[in-house]
Amino acid sequence: GGHAENRFDLDAGVIGVAGPVRVGAVMRNVRGMTFGGGAFTLPRQTRVGAALDIAKTLTIAVDADTGTYATASGDRRVIATGAEQWLWARRIGIRGGARFNRVGAMERVATAGASVAMRKGVYVEGQVVRGGAAVEHGWGLGARVTF
C-alpha cells in the first residue's frame, strides 16, 4: 500500500574483437535515476574488461569498475579475474575466479563453476561463491541453451 514509481533507464555496452582478444565496456544506469523524491538513486556504474582466448579451449579475463558506487552494503569498486577451460571436445567446462572490492569493506570473493554439454548447445551448469559479505555466499544450478 505505498507509493510506486516507474522510470526508464538505460544500460549500454560496446565490445571489440581482434583475433583472440576481446575488449569491452559497459555502463549501467546511464541516467542515474532518483526515486522517492531523492531518497534513493541508482548509481551509474562503468566497467571495462578484456579477455584472451588461448588455444580455443582456455579463456582468461579481467574486468574492473572505473569508479566507486554506493550500494546498500557499502561502497564498491571491484576488480575481477577468472579463467575457463574446456575439456573433452568442449563437453565439460570448468572455471574459477576471484573478485576484490577495492573500497569500503574490501571483501574478497572466490568463485568456481562447471558446465556439462548434454548435447550440442544444451548445457547443465553449476557454480559456487565463497568469501566476502555473507549475502554473496551461495551456489546455483541451471540449464542453458545456445544457438
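**Starting at Gln45**

Select Gln45 to begin: leaving out residues up to four places away in sequence, Gln45 touches Val26, Met27, Arg28, Asn29 and Tyr69, where contact means heavy atoms within 4.5 Å. Before going further, note that this is a predicted model, in which local features need pLDDT of at least 70 and side-chain atom pairs count only at pLDDT 80 or more, while totals for chains, interfaces and linings use all residues. Residues are numbered from 1 along each chain as its sequence is written, and side-chain values use heavy atoms, with hydrogens and water left out.

Gln45 is found in strand β5; helices (H or I, at least four residues) and strands (E, at least two) are DSSP runs, numbered from the N terminus. Gln45 counts as buried because its relative accessibility is 14%, given that buried means under 20% relative accessible area, exposed over 50%, and partly exposed in between (1.4 Å probe, protein chains only).

Next, select Asp53 together with Arg22, which form a salt bridge whose closest N and O atoms are 3.0 Å apart; the term stands for a side-chain nitrogen of Lys or Arg within 4 Å of a carboxyl oxygen of Asp or Glu. This pair links distant parts of the chain, with Arg22 in strand β2 and Asp53 in strand β5, 31 residues apart. Arg22 is partly exposed, at 29% relative accessibility, and Asp53 is also partly exposed, at 29%.

Now move to Arg47 and Asp63, whose side chains meet in a salt bridge of 2.3 Å, N to O. Asp63 lies in strand β6 and Arg47 in strand β5, so the pair ties together parts that are 16 residues apart in sequence. Asp63 is partly exposed, with a relative accessible area of 25%, and Arg47 is partly exposed as well, with 24%.

**Thr59 and its surroundings**

Which residue's side chain is joined to that of Thr59 by a polar contact of 2.8 Å? The partner is Asp53, and a polar contact here is a pair of N or O atoms within 3.5 Å, of which, within protein, one must be able to donate a hydrogen and the other to accept it, residues adjacent in sequence counting only if both atoms are side-chain atoms. Thr59 has its place in strand β6 (residues 58-65), and Thr59 is buried because its relative accessible area is 18%. Apart from neighbours within four places in sequence, the contacts of Thr59 include Arg22, Asp53 and Glu84.

From there, select Glu84 with Arg95, a salt bridge in which the closest N and O atoms are 3.2 Å apart. Glu84 lies in strand β9 (residues 78-87) and Arg95 in strand β10 (residues 92-101), so the pair ties together parts that are 11 residues apart in sequence. Glu84 counts as partly exposed at 25% relative accessibility, and Arg95 is partly exposed with 28%.

**Last selections**

To finish with the charged residues, select Arg76, Arg99, Glu107 and Glu136, which are linked in a network of salt bridges; the structure holds nine salt bridges. Then show Val21, Val23, Leu52, Ile54 and Ile60, which form a nonpolar patch on the surface with about 340 Å² of accessible area together. Strands β2 (21-28) and β5 (45-54) each supply at least two residues of this patch. Patches are made of residues with over 30% relative accessible area and no salt bridge, like charges being joined within 9 Å and nonpolar side chains (Val, Leu, Ile, Met, Phe, Trp, Tyr) within 5 Å; accessible areas come from the Shrake-Rupley method with a 1.4 Å probe, and for residues only the protein chains shown count as cover.
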